[in-house]
Structure formats: C-alpha cells, structure tokens
Amino acid sequence: MTKQGCEFVANKMTGRKGTIFTATYVSLFNEYESEHNGKTVAIDSSLEHEKLVYKREWLIEMRKQNVNKAHELRNQDVKLYLELGKVADDYQRPRMATDFRNEAICAMQALPVGARREYSATEIGNIIGVSPIAIGKWANKLGVKRDADMSYRDHDGAWRYFPEALKVFQDNALEIQDDDLGL
C-alpha cells in the first residue's frame, strides 16, 4: 500500500485507534523515505512478521467498525421507515403507512414474542461478510450442524442456525473470511 493509500484508509478510521494508525503509518513511511530515498531494500523477515501481526490486528478492528456501521445504518433505516409511516398517516394513506412500518420491522429483524431467533446461512454470511456456501462449509468444520442446540434442518431441507451458532461463526470470522477469499 502506498503512503497515499494508508492516509486514505486512516482517514476512514475513527477515534483513538484511527489516530494511532494514521500517526504510525505516516511516520513509518516518512522514516522509510528519509532512510532509503525511494530505493528498494531487502525485507527483514522478523520485521515482515511484525507487519503481518499489525495488519491482522488492523483488519480485526476494521471489521468491528464495519459491523458497528452496519448496525448504525440499520437503525437509521428503521427510524426513516417509521418517520415515513407517520407521514403516510398524515396523508391518510393507511396501506402505505403499514408497508413502511413492515419495512421497519424487517430492518429490526423483529421476532415473534417467545420465539427463538433463527438465522439462515445467507443472513449469517451477510453479518460476517462471506458467502452462504462458506457458512455451510464451516458449519460442518466447526461441528455446528451436529449440535441440535445450534442448528436444525427445516422442512425444505435448508439449515437454520440459532444465536449460539452465530456466536461460533463470529468467533471464527477471520478464518472463515480468509478461506472464503481464498487466502
């Protein structure tokens, strides 16, 4: 990644960790430029390992921020649909108001009272950023499909996963994402 690329990524990060990332990478690039005047040098393997560890930690942080951003966007969608429902009520459009409220409910992923939340492979894939096929593959690897407390096969033959399974997938998200990307 170029210095400009790092600055671009760093500007997307927020808070204390974003500031630390920006300061660290910009100073490292400036140091490298002053030491080597743009010449290529041999790579020190121990330094390369440290960079990989730092990059992995950075990726973990970025993925957390992406999940938080997705939650924020979902909450904004819910608020917008509810506001649109009120506007439809004001214009005496009950059917439109109902449609907007239903969209809000879908965005909140509301549950019937007393029901246990279930997730499809597609939903879990969207949560951790991988394909539904990767979820099915990793459900087998992690033993999720063998545990009735974590999953079951519905009457259509599709696997449904409980929150306990989602937790297992989230705990292994980095490996699943790397595998899905072919890394």
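Modeller: The part to take is helix H6, whose buried residues pack against H5, strand E2 (159-161), H7 and H8. Those buried residues of H6 are Ala134, Ile135, Gly136, Trp138 and Ala139. Within the chain, pLDDT is highest in helix H6 (residues 132-141), at a mean of 93, and lowest in helix H1 (residues 3-12), at 63. Over residues 110-114 the pLDDT falls below 50, and in the model this stretch has two contacts beyond near neighbours in sequence. Where pLDDT is low, the predicted coordinates should not be read in detail. For the chain, the average pLDDT is 78, with 74% of the residues scoring at least 70.

Leaving aside residues up to four places away in sequence, Ile135 touches Ala121, Ile124, Gly125, Ile128, Val130, Tyr161 and Phe169. Ile135 also belongs to the largest nonpolar core, which has 17 residues. The members that touch the most others in that core are Ile124, Ile128, Ile135, Val144, Tyr161, Phe169 and Ile176. Two or more residues of this core come from each of H5, H6, H7 and helix H8 (173-181). H6 gives the largest share, four residues. In soluble globular proteins, nonpolar side chains tend to be buried together.

The axes of helix H5 (residues 121-128) and helix H7 (residues 163-171) come within 11 Å, crossing at roughly 40°. The crossing of H5 past H7 is right-handed. On the H5 side the contact is made by Ile124, Ile127 and Ile128, and on the H7 side by Leu166, Phe169 and Gln170. Five of the residues in this contact are nonpolar, one is polar and none is charged. Ile124, Ile128 and Phe169, which take part in the contact of H5 with H7, are also among the residues touched by Ile135.

Just after H6, Gly143 has a positive phi of about 80°.

As for the setting, the chain has eight helices and two strands, and in sequence order the pattern reads α-α-α-α-α-α-β-β-α-α. Of its 183 residues, 26% count as buried. Among contacts between residues at least 6 apart in sequence, 54% join residues at least 24 apart.

How values were computed
Residues numbered from 1 in each chain as written. Heavy atoms only, no water. pLDDT = per-residue confidence, 0-100. Contact = heavy atoms within 4.5 Å. Axes fitted to C-alpha atoms, helices over the stretch in contact; angles between N-to-C directions. Left-handed = near helix turned anticlockwise from the far one by under 90°. Nonpolar A, V, L, I, M, F, W, Y, C, P; charged D, E, K, R; others polar. Core = buried A, V, L, I, M, F, W, Y, C linked by side-chain atoms within 4.5 Å. Buried < 20%, exposed > 50% of the residue type's maximum accessible area, 1.4 Å probe, protein only.
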